[in-house]
Amino acid sequence: MFNFQTLVCTLLLFPALLSGQDTNAIQAEEMKTLAGVYSGELMYRDYTSDKNVSMPLVANCHLAKNRLVLDFILNEWGKTYNQQYDFRFDGAVVRASGQWAVLEKNFDTGKGTFRFVMTKNGRDGNDNKPCLFRITFDADPEHIVVSKEVRFDGTDLFFLRNEYRLDRVKVRQEGGKVSN
């Protein structure tokens, strides 16, 4: 039986298949314009109280050998500590605390906008239940948002587990120039 949807998908993907390219493959160098200093907040769902908690943070975004690294300094209830997202790109696989599959990639390097969505199976919650994690990375020249969602096994809906919302910091240099 003829399937029009299969034909359209095949025709759209055929050039990438011929060239051997993976349409979801990511190279850190594509995102070099994101390097810089950011400030913002981390919002996370506290499973014990079942409430969302927010805390201020600063972040440094930099690239290193096909990696995009976000180093965070957070302050929660007067205590300062460090966290890091280290995205290691290997084609359509991202290594960041395990191996993630890239489901979607939408980069417009001309506009400086970047979006990728990745998933992996894991465990979460106070009772360490099996789940599917989904991370969405959205960025433009002035902002980065990294959202982590969870869908517990046996349920249909994802919920927001945590979200980093970052705004680029303008750094004033000698001579009055503003840069990042």
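Aspartate 50 is partly exposed, with a relative accessible area of 49%; in this analysis a residue is buried under 20% relative accessible area, exposed over 50% and partly exposed in between (1.4 Å probe, protein chains only). Aspartate 50 belongs to the loop that links strand S1 (36–46) with strand S2 (51–63). Its phi is positive, about 60°, although the residue is not a glycine. Most residues other than glycine have a negative phi. Serine 97 is another residue other than glycine with a positive phi, near 55°. Serine 97 sits in the loop between strand S5 (93–95) and strand S6 (99–108), and with a relative accessible area of 72% it is exposed.

The structure is a predicted model, in which local features need pLDDT of at least 70 and side-chain atom pairs count only at pLDDT 80 or more, while totals for chains, interfaces and linings use all residues. Residues are numbered from 1 along each chain as its sequence is written, and side-chain values use heavy atoms, with hydrogens and water left out.

The mean pLDDT of the protein (the predictor's confidence in each residue, from 0 to 100) is 84, and 82% of the residues score at least 70. Confidence is lowest in helix H1 (residues 4–19), with a mean of 37, and highest in strand S9 (residues 143–152), with 97. Over residues 1–21 the pLDDT is below 50, and this stretch has four contacts in the model beyond near neighbours in sequence; a contact means heavy atoms within 4.5 Å. Where pLDDT is low, the predicted coordinates should not be read in detail.

The protein contains one helix and 12 strands. From the N terminus on, the order is α-β-β-β-β-β-β-β-β-β-β-β-β. A barrel is closed by 10 strands in the order S1-S2-S3-S4-S5-S6-S7-S8-S9-S10, with antiparallel pairing. From one strand to the next the twist averages 25°; the axes are lines fitted to C-alpha atoms, and angles run from 0 to 180 degrees between N-to-C directions. Two strands are taken as paired if DSSP finds at least two bridges between them.

Strand S7 (residues 113–124) and S8 are antiparallel and share 11 bridges, with asparagine 121 opposite leucine 132 in S8. S7 and S8 form a hairpin with four residues between them, and glycine 125 in the turn has a positive phi of about 95°. Strand S8 (residues 129–140) is in turn joined to S9 by 10 bridges, again antiparallel. Here aspartate 138 has valine 145 as its bridge partner in S9, and threonine 136 has serine 147. The hairpin of S8 and S9 has two residues between the strands.

Of the 180 residues of the protein, 35% count as buried. The accessible surface comes to about 11,000 Å², 51% of it belonging to carbon and sulfur atoms; areas come from the Shrake-Rupley method with a 1.4 Å probe. Among contacts in the protein with a separation of 6 or more, 39% are between residues 24 or more positions apart.

The largest nonpolar core has 40 residues. Such a core is a set of buried Ala, Val, Leu, Ile, Met, Phe, Trp, Tyr and Cys residues joined through side-chain atoms within 4.5 Å. Met31, Leu70, Phe87 and Phe137 have the most contacts inside the core. Leaving aside residues up to four places away in sequence, phenylalanine 87 touches several residues, including Leu68, Leu70, Val94, Phe116, Met118, Phe137 and Val146.

Asparagine 162, in strand S10 (residues 159–168), counts as buried because its relative accessibility is 14%. Beyond residues up to four places away in sequence, asparagine 162 touches Leu42, Met43, Tyr44, Tyr85, Val146, Ser147 and Lys148. Aspartate 71, in strand S3 (residues 67–76), has a relative accessibility of 26% and therefore counts as partly exposed. The C-alpha atoms of aspartate 71 and tyrosine 38 are 10.0 Å apart, and the two residues are separated by 33 residues along the chain.
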